[in-house]
Amino acid sequence: MTMLRRLLPCLPALALCQALSASAFDQELVLELPDRATTTSAFDEQPTFELPSLVSGSTQAVSGEEIRLGRAWLRQFRAHAPLWQDPIAADYLASLVARLLPYSHVGGIDPVITLVASERLNAFAVPGGVIGVNAGLFAFAEGEAPLASVLAHELGHLSQRHFARGQARAEQTRLPAMAAMLAGMLIAAGGGGDAGIAAAMGSQAALVQDQLAYSRRFEREADRLGLQTLADAGYDPQAMVEMFRTMQHMVALQGGNPPEFLLTHPVTESRISDAQARVAQLSVSSPRHDDIEFQLVRARALLAIHDQVPRQAQTRLARGGAPESARRYLTALIDAQEGRTDAALSTLDALASRLPDLALIPASAAEVALEAGRVEDAISRSRHQLRLMPGYAPASMLLGEALLQRDPEAAYRELRALAASRPEDPQVFTLLAEAAGRSGHRAWGHLARAEQLQLTGHIDRGIEQLDVAKEVAEENGDANALAKVEQRRKAFVGYRETMESFR
């Protein structure tokens, strides 16, 4: 299992997020666009993802523009924020968002989920359907409904298109403010520390004064939509009110130092009262009760946060009233981390028999086997799971990683198929680049490496990889690879132009 290293705060990256998310800092940023919004895959003939230049203007953004803006922002975010790279947790979060989305009045987006390696309580939504969650939110929420309430609130911002509506409020300040925030983020990422944070947060402060009243209306709109989304999706809307009150309690305990979520989503007594009044008018027709999958993912988050002292994860999980199966799951993960592989696999296999519908349990067992060096066992387990649960991405990724050590050509085929369905996942392209290189598909290996670099914000290095891929393809006479290189080069150059507008 991929464990987090020491968790670091991401205030500088958060500053940029606050500038772009649907919150108090939504300002003017308009895009010049091609005719249609598209997505990309490095290896299938899909439309090219074009990233346009940013210019000031007065026209309101359409959904295609917001999608492009969100994807451009996400690449910058990945370049500077510490990421929680846990495919199992990410898949769970994507399924939860998918459960809420039909009731959220958000249309025309394919959400992209990113997990942040921070123990601080925070979540955010960026125009175009980028949704981010800190590991700390999983740790803080003790049930699925509270977590869903935060996500439903963020989807409320997206459904009301607060970013686009906020543009008219600050046409003259958007680009300078964003440039200052990004500069501060880059300074901090390069070791400037407090100076960079101060530059970014200072730029925010100049916007808060002007936008505060406007953002309060946005927050209430997001609350209203979020509460309705919760009820329609089968969750108790009271969970949102309880989350607000718990956050207020956290502020009191921490001497007035609020969690990051409250910096962009201020909670007042009048807002809580308004939300409570709305809850009284809602009913849940098909309530959800079983949140065992959430509890297992919460166990992973707690262990990621407390990877140096795993017993603290057990204490926090038990204090939250987690069911016995979740506590056993966490024990198995700790056993695996401490080298007791047989005990871990025995516990996970027993849990899989008891809870046969939960895909993450057998995937966790394959993960434990692979990290213990039991490659054949990991391959066997992953293949067996995919026969029973086709399309489960974490199992496909584990199978591809395990096959790298036994059959690189088979790994290449598995990971290439996965990359086609997950064009926004840098981890997939990291593995695919290695599989392509080991199996003799050198040009495609450099292409995959280029994709991984551009997805993580390193566009110049990505273009260098495209140059290498072109040379190799010419040597080998690979016309398909040459065509793909030229197609992707155009998109990469457009992306670089977009990122220059942030500087």
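This report looks at one helix and its surroundings, then at salt bridges.

The model is predicted, so local features need pLDDT of at least 70 and side-chain atom pairs count only at pLDDT 80 or more, while totals for chains, interfaces and linings use all residues. Residues are numbered from 1 along each chain as its sequence is written, and side-chain values use heavy atoms, with hydrogens and water left out.

Helices here are DSSP runs (H or I, at least four residues), numbered from the N terminus. Helix H13 spans residues 310-319. Which of its residues are buried? They are Pro 310, Ala 313 and Leu 317. These three cover an arc of only 45° around the axis, which puts them on the same side of H13. The arc is taken from the directions between the helix axis and the C-beta atoms. Buried means under 20% relative accessible area; exposed means over 50%, and partly exposed lies in between (1.4 Å probe, protein chains only).

What do the buried residues of H13 pack against? Their partners are helix H12 (292-305) and helix H14 (324-337). Contact means heavy atoms within 4.5 Å. After H13 comes Gly 321, with a positive phi near 75°.

Helix H14 contains Ala 332. Ala 332 is buried, at 0% relative accessibility. Leaving aside neighbours within four places in sequence, Ala 332 touches Ala 344, Thr 347 and Leu 348. Ala 365 is 33 residues from Ala 332 in sequence, yet their C-alpha atoms are 9.2 Å apart in space.

**Salt bridges**

Side chains of opposite charge can pair when their charged atoms come close. A salt bridge here is a side-chain nitrogen of Lys or Arg within 4 Å of a carboxyl oxygen of Asp or Glu. How many salt bridges does a search of the whole structure find? The search finds 27. The table lists some of them.

| Pair | N to O distance |
|---|---|
| Asp 274 and Arg 278 | 3.4 Å |
| Arg 340 and Glu 338 | 2.5 Å |
| Arg 381 and Asp 377 | 3.1 Å |

Asp 274 and Arg 278 both sit in helix H11 (residues 269-279), four residues apart, about one turn of the helix. Asp 274 is partly exposed at 26%, and Arg 278 is partly exposed at 32%.

Arg 381 and Asp 377 both belong to helix H17 (residues 375-388), four residues apart, about one turn of the helix. Asp 377 is partly exposed, at 26%.

Arg 340 is partly exposed at 35%. Its partner Glu 338 is partly exposed at 36%.

Salt bridges can also form a network: one links Arg 71, Arg 75, Arg 78 and Glu 424.

Terms used
Helices (H or I, at least four residues) and strands (E, at least two) are DSSP runs, numbered from the N terminus.
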